[in-house]
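Hi everyone, thanks for making time for this. I'd like to walk you through one model, so please have a look at it and then we'll go through it together.

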Amino acid sequence: MMSKLIRFSFAILVLLVISVPTATYAAEFTSGKNIDIARDRMLDGDYYVAGGTVTVNGTINGDLVIAGGSVTASGPVHGDVIIAGGTVTINSTVDDD
């Protein structure tokens, strides 16, 4: 059941990316059962994630889009944040919406 949810969520993320005009910087896509972005990691560009458990502690210099069962965003985001999940916790600063 969770695997189908992850695949469906990732498909929705891909459709969102295709429908949004391309940015001048790169985007990164990640999916998996457990995703953990370490505090010392800095990602330049937009970051799209689909997973069962997603934890983002690093800095995102762009937009952050996540779909997951349990999501925690604790690192600063210098862009917009869109998160969908069963449990969502945001403990960070978000520069845009």
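**Confidence first**

The mean pLDDT of this chain is 84, and 87% of the residues reach 70 or more; pLDDT is the predictor's confidence in each residue, on a scale from 0 to 100. Residues are numbered from 1 along each chain as its sequence is written, and side-chain values use heavy atoms, with hydrogens and water left out.

As a reminder, where pLDDT is low, the predicted coordinates should not be read in detail.

Now the layout. We have one helix and six strands, in the order α-β-β-β-β-β-β from the N terminus. These are DSSP runs: H or I of at least four residues for helices, E of at least two for strands, numbered from the N terminus.

Of the 97 residues, 35% count as buried. Buried means under 20% relative accessible area, exposed means over 50%, and partly exposed is in between, with a 1.4 Å probe and protein chains only. The chain exposes about 5,600 Å², and carbon and sulfur atoms supply 58% of that; the areas come from the Shrake-Rupley method with a 1.4 Å probe, and for residues only the protein chains shown count as cover.

On to the inside. A nonpolar core here is a set of buried Ala, Val, Leu, Ile, Met, Phe, Trp, Tyr and Cys residues joined through side-chain atoms within 4.5 Å. The largest one has 14 residues, and those with the most contacts inside it are Tyr47, Val54, Ile60, Leu64 and Ile66. Strand 1, strand 3 (46-56) and strand 5 (64-73) each supply at least two of its residues. There is also a second, separate core of five residues, including Leu13, Tyr48, Val65 and Ala67.

Leu64 deserves a stop. Setting aside neighbours within four places in sequence, Leu64 is in contact (heavy atoms within 4.5 Å) with Tyr47, Ala73, Val77, Asp80, Val81 and Ile82.

Tyr48 takes us to the aromatics. Rings of Phe, Tyr and Trp (its six-membered ring) pair if their centres lie within 6.5 Å; planes under 30 degrees apart count as stacked, over 60 as edge-to-face, and the rest as tilted. By this rule the count is one pair. The rings of Phe29 and Tyr48 have centres 5.1 Å apart and planes at 15°, so the pair is stacked. Phe29 lies in strand 1 and Tyr48 in strand 3, so the pair ties together parts 19 residues apart in sequence. Phe29 is partly exposed at 40% relative accessible area, while Tyr48 is buried at 10%.

How many salt bridges does a search of the whole structure find? One, where the rule asks for a side-chain nitrogen of Lys or Arg within 4 Å of a carboxyl oxygen of Asp or Glu. Arg41 pairs with Glu28, with the closest N and O atoms 3.0 Å apart. Arg41 sits in the loop between strand 1 (27-37) and strand 2 (42-44) and Glu28 in strand 1, so the pair ties together parts 13 residues apart in sequence.

Last stop: Asn57, in the loop between strand 3 and strand 4, counts as buried at 18% relative accessibility.

How values were computed
Predicted model: local features only at pLDDT ≥ 70, side-chain atom pairs only at ≥ 80, totals over all residues.
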